[in-house]
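Notes below, in the order I looked.

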Amino acid sequence: MFYIKKEFSERVKRLPKYIFVEIEQLLVEKRKQGVDLIPLGIGDPDLPTPELIITELIEQVKKPENQNYPASMGEDFFREAVSRWYKVRFNVDLDPKEEISNVLGGKEGVANIARAFVNPGDVVLCPNPGYPVYENGATKLCDAEPVSMPILSENQFLPDLNKIEKKYVKKAKLMYLNYPNNPTGAIAPKEFLKKAVDFAEDNGFFIVYDNPYSEFTFGNYIAPSILQIDHNHVEINSASKMFNMTGFRCGWVAGDKDIINGLRNVKSQIDSGCPKFIQRAVSKGLDEYNSNNKPDIVQETVDIYEKRRNILVKGLNDFGWKTAKPKATFYVWTQIPKKYSDIGCMEFVKKLINIGVVITPGIGFGQYGEGFVRFALTQPEERLKEAIERIKTIL
Ligand SMILES: Cc1ncc(COP(=O)(O)O)c(C=O)c1O
């Protein structure tokens with residue numbers, strides 16, 4: 001007889017229980033019953049990767065020089081393309097040699113930055129509601145303490161920096177910020193970014209500005225980069241949303257060279273980089289952007305999301321579900337209708353699943369998301385209209 005210890009590490013045990021278990025079970029049941037489900041839950045674009053990028057990818061994958069190990073920090077040509085993009089898009093100068101690293105999607109950047117800088121017991125400031133990786137994959141898996149910064153509708157979904165307790169601010173190693181914001185669709189004015197940068201620098205920590213929705217803005221609004229304010233921080237972006245490439249896993253982190261160096265150190269011990277042919281294809285997309293600011297390959301997608309946003313928001317308001325129009329992202333974040341406010345967002349979402357409309361309960365993004373739900377605009381207009389008709393029947 002022998003005994004193999006398979007108990008999870010303490011840090012893994014700290015990860016939250018998967019709260020969507022009941023929802024998943026309900027979905028399985030509904031699928032079995034043949035219910036036509038309209039998936040507006042996950043933020044995964046339904047639109048295809050632009051032809052220009054796919055054509056480049058097919059060309060590049062055939063070349064032997066693109067088939068061996070890539071550098072984990074990204075190839076020179078890729079970092080140079082990102083640097084050119086920052087110049088064109090934000091008028092920010094970045095040295096591709098030291099101030100940019102490739103990552104296997106923004107998610108990897110979010111998590112591995114913490115690995116390079118956060119010690120057990122350190123505090124990491126995380127927006128709540130927020131992208132769960134800030135608290136879990138980044139902070140808890142470094143044995144550190146996530147401290148929530150509530151982002152509430154009464155404060156335009158911006159954190160009130162003065163309300164963060166001093167004892168936490170003192171122990172903070174870094175702060176995650178994400179605008180245009182998932183899940184709220186909120187944007188951050190440059191004045192807020194300036195305030196956040198001053199706050200961080202006064203208190204000796206840096207900001208990781210997660211900016212994957214930078215291109216999904218509507219009307220005249222153009223999302224800023226935190227690097228336009230100050231170079232002492234880092235910003236994460238990726239091809240996932242910009243070019244409908246969530247499955248390709250290619251992103252970048254840019255900014256302060258010491259922070260980038262820390263990330264590169266971690267990555268060199270963990271992964272072997274994004275395939276070179278993918279880096280080539282993404283560089284092609286970025287250079288298309290560089291030669292034609294906000295090119296069709298991005299603008300067409302933004303226009304589609306804008307139309308969908310208008311249809312959904314109007315449809316909900318028309319039958320009395322008060323919902324604001326987000327200025328950015330492909331999410332619509334709204335308080336659950338009064339009629340259902342006492343059952344909470346989880347039960348409300350289950351009611352919608354029963355009529356085949358799948359959305360995300362706000363609580364999935366943290367306790368300050370309770371009372372809200374998130375619609376992802378990742379279905380064609382006809383399906384959104386159908387969802388609205390179905391929701392009408394229970395309100
Ligand atoms: C706020 C935020 N950050 C990061 C990511 C990660 O994106 P990716 O790893 O595909 O670049 C997502 C994806 O949904 C997100 O919403």
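I'm taking a polar contact as a pair of N or O atoms within 3.5 Å; within protein, one must be able to donate a hydrogen and the other to accept it, and residues adjacent in sequence count only if both atoms are side-chain atoms. Housekeeping: this is a predicted model, where local features need pLDDT of at least 70, side-chain atom pairs count only at pLDDT 80 or more, and totals for chains, interfaces and linings use all residues. Numbering runs from 1 along each chain as its sequence is written, and side-chain values use heavy atoms, with hydrogens and water left out.

**Ligand**

I looked up the side-chain partners. An N or O atom in the side chain of Tyr 213 is 2.7 Å from an oxygen atom of the ligand. For Arg 249 the side-chain distance to a ligand oxygen is 2.7 Å. A nitrogen atom of the ligand lies 2.5 Å from an N or O atom in the Asp 210 side chain.

Next I checked the burial: alone, the ligand exposes 400 Å², and the protein buries 92% of that (Shrake-Rupley areas, 1.4 Å probe; for residues, only the protein chains shown count as cover).

Helix 5 (106–117) and helix 9 (239–242) are the elements that give two or more residues to the shell (helices are DSSP runs of H or I, at least four residues, and strands are runs of E, at least two, numbered from the N terminus). I find 14 residues around the ligand, with Ser 238 and Ser 240 among the closest (near is a heavy atom within 4 Å).

I traced an open sheet of 7 strands, order 2-8-7-6-5-3-4, with mixed pairing (two strands pair if DSSP finds at least two bridges between them). Strand 2 (100–103) and strand 4 (145–150) each have a single partner strand, so one side of each has no neighbour in the sheet. The twist averages 25 degrees from one strand to the next (axes are lines fitted to C-alpha atoms, for helices over the stretch in contact, with angles from 0 to 180 degrees between N-to-C directions).

I then zoomed in on strand 2, which pairs antiparallel with strand 8 (residues 251–255) over 4 bridges. Asn 102 is opposite Trp 252 of strand 8.
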